[in-house]
Amino acid sequence: MVQTLDEDGAVDPWRRRARRPRRQMPLWQELPLLLVVAFCLAVLIRTFLLQAFFIPSGSMEDTLLVGDRVLVNKVVYDVRDPVRGEVVVFRGTDRWAPQVDEEPEAGFVGKLSRTVGDLVGVSRPGEKDFIKRVIALPGDRVRCCDAQGRVLVNGTPLDESSYVIRDSPLDVPPNPDECRSRRFAEVIVPPGQIFVMGDHRLVSQDARCQGAVPIDNVVGRAFTVVWPSSRWSALSVPATFDDVADPPAASTGAPPPVRATPGGGVVLLLPVAAALGVLARSGRWRPARQRRLLP
């Protein structure tokens, strides 16, 4: 071992002090600190990056079932607009009927658990939170149906057999106040709005009778099912939307929409890196026995 000497030939006390092992924080002090840091990270991730949403109704069956939990990317639409075929979570306008009934909380414990669950993104959705599939974009012309009973977007029929299992009946006359019929008159989607529909058309209350949704109301894109574990899957864009022609730019007042890029969960790298950074700061997470080379 090489020692550093001062001008008088004595061992340099500053060098000796620098080689002293770092004092480890007791477990009873470190554990609460780690819990606080983890909670703060969860709140930040839920607020700005990702949020888990609970599926309360059957309007998206069989793509999403009641009780499923999906992860929603909340930053993707800060850099681009929604794309046809994506599954999105949004806040309904005043025309949209509540999807779930708010239940009164049972005492202080119930209110506290609801508040904590909302902070970390694992609570039940609010009565104005909806999840549907984007069918048409600003300026698109959407109607139903053609001779085969298919939805048409800008004149292109959609092959929805991969995600629409139970469709609305064709023999029910259209009613602008109800979504019971498959047929509806042509709609030109207003600028800054999207036309959304549920995959279970037989029960879904959507833009057919409740109107288009402002893009500003979109919370984010649901890109994967995370619970239950037996249903882990990605919520990809069906291939049929690749064939839909974009409307003229003059009708939308904006450039043509971008195409979706695969892998909506890239944002997961940031929270994972942050969590690893927190663990690395703790001496207790290092291997129990480490070999160090002496100078």
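How many bridges pair strand β5 with strand β6, and in which sense? In this predicted model, where local features need pLDDT of at least 70, side-chain atom pairs count only at pLDDT 80 or more, and totals for chains, interfaces and linings use all residues, β5 (residues 141-144) and β6 (residues 151-153) pair in the antiparallel sense over 3 bridges. Residues are numbered from 1 along each chain as its sequence is written, and side-chain values use heavy atoms, with hydrogens and water left out. Two strands are taken to pair if DSSP finds at least two bridges between them.

Q51 faces V72 in β2. With 5 of its 5 residues buried, β1 is largely enclosed by the rest of the structure; buried means under 20% relative accessible area (1.4 Å probe, protein chains only). L50, A52 and F54 point one way from β1, while Q51 and F53 point the other way.

As for the whole protein, there are 6 helices and 12 strands, read as DSSP runs numbered from the N terminus (helices H or I, at least four residues; strands E, at least two). Of its 295 residues, 39% count as buried. Among contacts (heavy atoms within 4.5 Å) between residues at least 6 apart in sequence, 71% join residues at least 24 apart.

Note on methods: Buried < 20%, exposed > 50% of the residue type's maximum accessible area, 1.4 Å probe, protein only.
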